[in-house]
Amino acid sequence: MTAIDRERSTARIAGDLETLSGPGYTLTHEAIRRYAYTPPYRRTLDYFTRELEALGFTVTEDPVGTLVARNRPPGEPVFGVGSHCDSNRNGGRYDGTMGVVTALEVCRLNEEHGLGLPLQLISFLEEEGSGFGQMLLGSRIMLQRVTEEDLRERFRALDDGRSFWEHAEEAGYEPARWRESSRVLDDLTGWIEMHIEQARVLQDTGNRIGLVHAIAGYVHADVHVEGRGDHAGATPMDLRLDPTTVLAETVLELERLAVAAGRGTVGTVGEIEVDPGLINAIASRVRFSLDIRGPEDDAYRGVATAIGSFAQEAARRRGMEARVTERQTLPATPLDTRIVGALEEAARATGEPFMRMHSGAAHDTMCVAERVPSAMVFVPCKDGISHHPAEEARPADAALAAGIILDAIAALS
Ligand code: HGY
Ligand code: MN
Ligand code: MN
């Protein structure tokens, strides 16, 4: 075990996070909000670039903007560390960014202790989907889990409706070379992502470290219901085509289906658009999102299928039409037992409390694991709050994680 100075690592990690939460690194002050091709996001990548170049890393960006930093020439085997530094639109300081900062600390410790480990740090573009409504976009591009038509046409900016392709070109990238992004994983012998847990299992069980052995899969979809936007006062109840009634029934049915499916299945309606959204007008249409996840594919996929049929039937029953479109889906992902085992050895050597667990949240590691032996390390976040500006995590836990990751990579290399 490398005897690292955890206080020094804690202070550096806290300093990085303080800087990256400051003005210029977020589009709003009430929450951290940064996503692809915005000035705060560019500044964040520039910050990591300066810090990594100061360590002698060569820093590049793939054709759409995923940051890649190596301390070995291209073609030589390296071990991957990293996460994402974009944020949820109502984000906190720690989701993603603390993982990239911890990966940066691993790179610093590797240099300071003269371990000579071959490393590649990756900070994935658009993990949150805050720019284009497409979660894990950078790593799905890397795994070619999107089509060119998605990038040119289907994926549109939430802010202005223009295509991903246009925004990427405008930001100086070359989306036409998007397939070359897959080369970023070519030299990786392994991958470890550190992330906050985003729930409160670690906190409630008194553990400082979570060793993640599997990640829940998910289905993201949208339900569009067309009704008739009549007058709210003049239209008798028996003459209405009110699409919000279909929304209401579907939300409750999703809850019932997810509970009945059990096996860790969860279902959420997070986005709701009502048009025109006025107190004295019956909605003419609603659009709402479906986020359905679980560690067992057949359970959550079964709920996704059932709730889609339910929404269509509920609309038909009321003389309306519901259209269900899938946005994306990724399978439940088991992680690499050898890497989890090395992390467990390193965690045990610290004498600090840890546990094995699965992740209910999605991570870029779901994509990396398709090609590279991968694992994740979680640290607690206060009361499980995440995707919210009140998100809180301890730099001291991240420093502990950095030491564990360093030792695991040393043992695996
Ligand atoms: O929603 C998720 O699972 C991730 O935090 N973007
Ligand atoms: Mn995240
Ligand atoms: Mn997130």
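Along the chain, the donors of the manganese ion (ligand 2) follow the spacing H-x10-D-x99-H. Since this model is predicted, the account below describes computed geometry. The residues behind that pattern are His-84, Asp-95 and His-195, which coordinate the manganese ion (ligand 2) through NE2, OD and NE2 in turn, at 2.1 to 2.2 Å. His-84 belongs to strand β3 (residues 78-84) and His-195 to strand β5 (residues 188-196), so this pair ties together parts that are 111 residues apart in sequence. His-84 is buried, its relative accessible area being 0%. His-195 also counts as buried, with a relative accessibility of 1%.

Asp-95 is found in the loop between β3 and α3 (97-112), while His-387 sits in the loop between β14 (374-379) and α12 (395-412), so the two tie together parts that are 292 residues apart in sequence. Asp-95 has a relative accessibility of 3% and counts as buried. For His-387 the value is 36%, and this residue counts as partly exposed.

What links the two sites? Asp-95 bridges the manganese ion (ligand 2) and the manganese ion (ligand 3). The two ions are 3.4 Å apart, with Asp-95 coordinating both.

Note on methods
Residues numbered from 1 in each chain as written. Chains lettered and ligands numbered in written order. Predicted model: local features only at pLDDT ≥ 70, side-chain atom pairs only at ≥ 80, totals over all residues. Heavy atoms only, no water. Donors = N, O, S within 2.8 Å, 3.2 Å for Na, K, Ca; no water. Helix = DSSP H or I, 4+ residues; strand = E, 2+ residues; numbered from the N terminus. Buried < 20%, exposed > 50% of the residue type's maximum accessible area, 1.4 Å probe, protein only.
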